[in-house]
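Subject: Structure for you to look at

Hello,

Here is the structure I said I would pass on. My notes on what was found in it follow below.

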Amino acid sequence: MLKAEIIGHIGKDAEVKTINNNQYVAFSVAHNEAVKSNTDEKQTKVVWISVLMRGNGGNLLQYLKQGQQVFVRGDLMSPRIYTNSAGLPAIGITLFSREIQLCGGSKPDTLLSEQDKQRMYESQAQIATDIINQGSNSDEDLPF
């Protein structure tokens, strides 16, 4: 089995798809490489990798948005040949993800709606209040 690790930016928002009665999160990652042309000109070569992750993505799905930089590790599937939008043959690469990490790129706060941000801040405030209230009930648990 071939393994791969990829760092790149998501091309468009991830979506949940059902394939053979199983749910998968599907998105594409663009990996950019700087290459020199025959005239020693720097060019950027873009390699697109289709990513499938088993399940519905849970809380991670809201962060897998266009432009977000991600690290993906997983198993490479057999390459496929297809015709691209320019009518030329191209090779498709699919990675069955075992691990996804958000890195750099868009900040998670910018990906949330104002209503989601408010809910997140309210829940964080409630958690902090609960921790403070638990601590004020017993001074004997303090480490100092």
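A pocket here is an open set of grid points, where a 1.4 Å probe fits, with protein on both sides within 12 Å along at least five of seven lines; its volume is the space filled by probe spheres set on the points. Please keep in mind that this is a predicted model.

Strand 4 gives the most, with four residues. Sorted by class, the lining of the second largest pocket holds six nonpolar, three polar and four charged residues.

The largest pocket has a volume of about 260 Å³. Its lining also comes to 13 residues, with W48, Y82, A90, I91 and G92 the closest to the centre. Two or more residues each come from strand 4, strand 6 (80-83) and strand 7 (89-102). Here, too, strand 4 gives the most, in this case five residues. The lining of the largest pocket is made up of eight nonpolar residues, four polar ones and one charged one.

Aromatic pair

How many aromatic pairs does the structure hold? There is one. Y24 and F96 form this pair, and the arrangement is edge-to-face, with 6.2 Å from centre to centre and 70° between the planes. The pair links distant parts of the chain, since Y24 lies in strand 3 and F96 in strand 7, 72 residues apart. Both Y24 and F96 are buried.

Q68

Q68 is found between strand 4 (42-54) and strand 5 (69-76). Is Q68 buried or exposed? The cut-off for buried is under 20% relative accessible area, and Q68 has a relative accessibility of 2%, so Q68 counts as buried. A polar atom of the Q68 side chain lies 3.2 Å from the backbone oxygen of C103.

Regards

Note on methods. Residues are numbered from 1 along each chain as its sequence is written. This is a predicted model: local features need pLDDT of at least 70, side-chain atom pairs count only at pLDDT 80 or more; totals for chains, interfaces and linings use all residues. Side-chain values use heavy atoms; hydrogens and water are left out. Buried means under 20% relative accessible area, exposed over 50%, partly exposed in between (1.4 Å probe, protein chains only). A polar contact is a pair of N or O atoms within 3.5 Å; within protein, one must be able to donate a hydrogen and the other to accept it, and residues adjacent in sequence count only if both atoms are side-chain atoms. On a 1 Å grid over the protein atoms alone, a cavity is a set of points where a 1.4 Å probe fits but cannot get out, and a pocket is an open set with protein on both sides within 12 Å along at least five of seven lines; lining residues have an atom within 4 Å of a point. Ala, Val, Leu, Ile, Met, Phe, Trp, Tyr, Cys and Pro count as nonpolar, Asp, Glu, Lys and Arg as charged, and the others, Gly among them, as polar. Rings of Phe, Tyr and Trp (its six-membered ring) pair if their centres lie within 6.5 Å; planes under 30 degrees apart count as stacked, over 60 as edge-to-face and the rest as tilted.
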